[in-house]
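Trainee: Could we take a close look at one set of contacts in this model? I'd like to go through the salt bridges with you.

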Amino acid sequence: MKKSSAFTVLLLSLCLVFTSFKVPPPGLNVGDKAPDFKLKNVDGSMKSLADYKSAKGIILIFTCNHCPFSVAYEDRILALDQQYAPKGFPVVAINPNDAVSVPEDSWDNMVIRAKDKKFTFAYLYDEGQNIAQTYGAARTPHVFLLQKVGADFVVKYIGAIDDNTDNPDQVKNRYVEDAINDVLGGKPVAVPFTKAIGCTVKWKKA
């Protein structure tokens, strides 16, 4: 009985913790039309999917400054943009974190980070967290590969960048690269979904 009571108290405590934060909806699935947005870039401009009229697609990555997983992938995100932007698939990065909870992820610090790392891609701030919730971003980094279909962008892949956060030299499965190459080759994406590995998105307190 004592163990049961303690477990009940633990569950109630966890419920109180989790209900104090926004819980994002399930979000988009592969095959869904990607909603457009208008978010502030680190250069002060407002960016949207509609700005990428000539793109064949977008490598949309929810990421941030502070998360060690995001930091570990920064060079690989830069490499993706350098490799695939000329082929019509630029990177667009979005920081979804609440800067009150994590001051390192503020827009001002995003500007510093982008300058220090010489980001070649847009780095946008989802201050209201509406886009992260709409897309279903749960972690940083979390990739949504979009393909231009007519006037729309359609989700073709959701998940991780690759299968080895710690050592890029030991990556066996390059999920994003493989997905883009499938799309460019006119083929269905062989692996359209993987589990994103990283820090959880830091949601605003209710």
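Are D162 and R76 buried or exposed?

Mentor: Both D162 and R76 are buried, where buried means under 20% relative accessible area, exposed over 50%, and partly exposed in between (1.4 Å probe, protein chains only). Before going on, keep in mind that this is a predicted model: local features need pLDDT of at least 70, side-chain atom pairs count only at pLDDT 80 or more, and totals for chains, interfaces and linings use all residues. Residues are numbered from 1 along each chain as its sequence is written, and side-chain values use heavy atoms, with hydrogens and water left out.

Back to your pair. D162 and R76 form a salt bridge (a side-chain nitrogen of Lys or Arg within 4 Å of a carboxyl oxygen of Asp or Glu), and their closest N and O atoms sit 3.0 Å apart. It connects distant parts of the chain: R76 is in helix α2, D162 is in the loop between β8 (152-159) and α5 (175-184), and 86 residues separate them. Helices (H or I, at least four residues) and strands (E, at least two) are DSSP runs, numbered from the N terminus.

By the salt-bridge rule, the count is six. Another of them pairs K117 with D75, again with closest N and O atoms 3.0 Å apart. K117 belongs to helix α3 (residues 107-117) and D75 to helix α2 (residues 68-84), so this pair ties together parts 42 residues apart in sequence. K117 is partly exposed, at 26% relative accessibility.

Then there's D98 with K204, at 3.5 Å between the closest N and O atoms. D98 lies in the loop between β4 (91-95) and α3, while K204 is in the segment after β9 (199-200), 106 residues away. D98 is buried at 5% relative accessible area, whereas K204 is partly exposed at 23%.
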